[in-house]
Amino acid sequence: MVARSPIRARGPVGREHGWEVSTTARKGGLELCDLTPYSKVLVRAGVLSKAAEVLGCALGLARRAPDGTLVAGTGPGEWLLVSGAGTWPALADEIGGGDPTALTTVVDVTHGGFLIRLSGADSRRVLEKICAIDLSDGVTPDGAVFRSSVARIVCDVIRDDDGGVRSYLLHGDRSAGQYLFDAVLDAGSEFSIGISGYREKEA
Amino acid sequence: MISSRRRPTAMISRLGRQEGELIDRSRRLSFTFNGVEHRGFDGDTIVSALMAEGERIFSRSFKYHRPRSVLSATFHDPGCIVQVGDEPNVRAAHRRLRDGMAVEAQTGWPSLRYDVGAANQLVGRFIGAGFYYKTFIKPQRLWPTYEKVLQRFAAGGRVQASSPHGTYDKRYAHPDVLVAGGGPAGMAAALGAADAGANVILVEEEYELGGHLRFGGSEDLVALRELRDEVGAHAGIEVMTNSVVTGRYDDNWVAVLQRELPQVAERLVKARAKTLVVASGLIERPYVFEGNDLPGVMLSTAARRLVNLYAVKPGQQAVVFAANESGQAAAADLDRVGVEVLKVVDPASGGELVRALGRGQLEQVELGDGSIVDCDLLVTAVGWTAPTLLVNMAGDRPRYDERAARFVPGGALPDTVLATGGIVGDGPLQALVAHGRATGTAAAHRALGRADSIDIPELEPAPHPALFRARTHGIVDYSEDVYSKDLVAAAREGYDSVELLKRYTTATMGPSQGKLETINTVAVLAEATGRSIEETGTTVWRPPYAPISLGALAGRILEPVRYSPMQPWHDSHGAKPIVAGQWIRPEHYGDAAAEVRNVRENVGIIDVSPLGKLDLRGPDVSKLLNFVYVNKWSKLDVGSVRYGVMCGEDGVVIDDGVTGRLAADHYFMSTTSSGAQAVHEWVENWLQTSFPSWQVHVTSMVSAYASINIAGPRSRELLGRLVPDVDLSPESFSYMQVRTGTIAGVPGCHMWRIGFTGELSFEIHVPAGYGLYVWERLMSDGKDLGVGPFGLEAQRVMRLEKGHFIVGQDTDGVTQALSAGLDWLVKLDKEDFAGKPELVWQHERGDGMRLVGLQPSDTHLVPAEASQIVSPSGAIEGRITSSRFSPTIGRSICLGLVSARLAVAGTVVTVKLPDGRHVPATVMEHHAHFDPEGSRLRG
């Protein structure tokens, strides 16, 4: 039994938590990485609910929970929780118990979306070619979250710098994963973008 | 590799090394012009390289086919537009030379030098301004001929359909400050803004920063290096050279066109600048006199560019008509490089230029004192035009400064737009730089929301004599071949408004778009009407400032496509793809009819992943379902599935699908593939606007599940081999039920017993990552059962055999639910639902079209879809909505919308085929042509 990302694995291929993944080594610099196997959980709750308090993250912002789960406020009363492949975010259990005052739902969308990471000093310049949002530090600093059209695909974009290097997570509908991956590669070609294999930073 | 004739011996005009030259003499380049081989240097423009090799004529004029050469030696030079390879309309006085370029003149037949079109000059009096408004009108039947003749004379290069697509790009930018113009004031403005903490984009039309400093003297070059170095070292400034700001729109949306990037032909930058600094400098304007378009007549800045930037000697013997310092500097430059400057004519001292004389090129100049000077170069320096285009677009109206004899910004700029440099005023370099720096700092403060004000020093336009036209008439618009006498004639005809004059004569409407012509047009009109230039006013400049290719406007081609998790399998098994919205789907795998037979006899599987899928949770889901569907949902048991149809508020069918109840407060809705997004928006719209108190969360799961329909008499047997934890027997898992279980080891799969094809079938929804794995398992584990894939075409045939309609195919934008034959489903006794009032009304009227099953009398005739159903009198009574040949029952079958009165079983209707034939078809009792009782799918 093997799970596959919508993005064709390039280079040497291995298995991680039942997913087929590329094991291409990191090349450094500007790079694109398919992280689709990561667990992705969508939480819907009132903005003043207990769940919102536990998640501790307003619309448009992201934070890391103690277990490494990335919590991103992707919409009004909507959060995306991202954790390592094969894991279930502890926060989801914490809020999943129900809130008698407001409807709270937790939906596993791991298989519903692609997740790719664009990293490197030129990542902003790549993204600027396919996304109209102001990517300056003043408007979208590290930890900023927004939903926008990226290469004409609706994406949740999370600025999630990696060790001081500018980095963006792009999450969108799985069916468009290969298209978007190719579109980002194409936009990044003038900056010598490369593909790196799967890695488990969030795990 | 160049295959061409060698150029004949010509006078070589390349000078020795110049201090500010841009050419790299160590890099020789070869190219051809009209098939003749030439050589130049890296850094040359096409025109500078040609001039260095002695060429002087680069085009023929638009109407009179007069020979044209360099006028301004800039991008906007009207006489230097050529074809390069398959690229038309290349600005040859700007475009850098590349090795192997094949350059051709765009005008001139049979050759550039000997152009028969020049005969137009003999009939010039008949083809003056506005002649095309007065001619070619009668007889009207000859217009196609006129049109061909006019097209023959139209200027412009050739676009070749076979040309490969270039790569064009787009980019978004959000600078604090965008500076348009990279001359000294522009560079200083960028530095001032960046030093104040702003991030800055500095845009320059030329290939390098510097403006007029580039072709200045030693002091200018030193200052240029200092400014350039400072700009280059500043991390806060992004420099875009060979780029142009083509327009400024609301809220400082500024369009920047970047040209000739390493991997991209052109890129359109959509910049949202907090403040815009316009530093577009000044454009030298031509002088109007007889013969002013002869090759050899050029502006002072053109001569200086050729000499100082490209080391090209523009002539041997020169006359300079100098009304300002630029003319004097040109005379000095020419003298320095060995051009014999025969005369410097200073209008301030009473000097007058009357006309230029020559056949095909300049040979003599006649001066006001009656003297005739033999020469091959006439340089004019009579004043400047401030390109106020960007400030115009920001709402400012330019005003005429009589003292400076030019239009300047009117002073009505918004806070987010500032101007600096020559467009504002004149002064020594230090004054321009000081003004630029202060303006840049002020722009940054405004962008960053700082309250402190910045003192910007005064920069006033310097006095300049008002020289527009000599006592003779000459060309005003070089692009359109408009003479000053044409403008005078037009004014006499009543076109005394500058805007009307422009349109009547086409002055300022050519490729230069008024940059060289506007002020002279206004001045000639003012003179002709006896008004002042201020009273006459100027035309309004509109975007774009410079031409933009359609490729750049289109930008990067972004056409999203969506793939199912099983696409790799389809690709490797001969699926013929079909584009369905953004999805790529298998239409068939070679033989759709065979696929139908296999499903009817054995078992087939189809990839239905694009189906809309919504996860609905909350205690009020049943209320939502009751509202958006026309039927009732209050009593759907857990584990059950129900079919539903959605209507708009006009009662028109907008979607259909099934919804299953997975748990007490958890439902799973499927929609049509094409309606997935719209239905999601539809239900969210109702929840957010009309029922915000309902406790329902809707999550789209279209791509979360790979969806496979397993259909055929052996489908239960096949699925049973892979499902260990769900009893698939008809007794425990009957038609219209849903179960959740494990398939091929994959947990959390939903299984529905529904049947679009009319067969016993199971629609399974598998976590998408495992879709391909499960598909492959179905194929391998079902080999002995005869399993095969089937595509959309086979599915369409089988659903038609079964009489299942497709929303959007068998319905249209006005098909209400009762017309679609859904009387059995619509529950008008429900309290409310979307579309109910309209459906109640339709029910009361009893009219409208009705969807019916139809069978042509000729069993092998398949009427084309959309064929009309007509009455004996020819009136339209309906149409065929779906038609196929059924491999199962061996005859043609249809669904059609017909008038209600015809929707009676047994009625024979007349179908009008696209070829005009009328054929009979019978209305059937059911929509279904096969197994109307449904015994197979309920099996």
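Tutor: The radius of gyration is taken over C-alpha atoms, and the globule rule used for comparison is 2.2 Å times the number of residues to the power 0.38. In this predicted model, chain B has a radius of gyration of 38 Å, whereas a compact globule of 939 residues would have one near 30 Å. Taken along the principal axes, the box that the C-alpha atoms of chain B fill is roughly 115 × 70 × 60 Å. Within chain B there are 22 helices and 49 strands, and 54% of its 939 residues count as buried. Of the contacts in chain B with a separation of 6 or more, 67% are between residues 24 or more positions apart.

Against that background, the part you ask about is the contact between the two chains, to which chain B gives 35 residues and chain A gives 32 residues. On the side of chain B that touches chain A, the elements giving two or more residues are the strands β9 (168-173), β34 (612-617) and β38 (697-700), together with the helix α20 (771-781), each of chain B. The largest share of that side comes from β9(B), with five residues. By class, the side of chain B that touches chain A comprises 18 nonpolar, 10 polar and seven charged residues.

Key
Residues are numbered from 1 along each chain as its sequence is written. Chains are lettered from A and ligands numbered from 1 in the order in which they are written. This is a predicted model: local features need pLDDT of at least 70, side-chain atom pairs count only at pLDDT 80 or more; totals for chains, interfaces and linings use all residues. Helices (H or I, at least four residues) and strands (E, at least two) are DSSP runs, numbered from the N terminus. A residue is buried if 20 or more other C-beta atoms lie within 10 Å of its own, exposed if 12 or fewer, and partly exposed in between; C-beta atoms are placed from the backbone. Two residues are in contact if their C-beta atoms, placed from the backbone, lie within 7 Å. Ala, Val, Leu, Ile, Met, Phe, Trp, Tyr, Cys and Pro count as nonpolar, Asp, Glu, Lys and Arg as charged, and the others, Gly among them, as polar.
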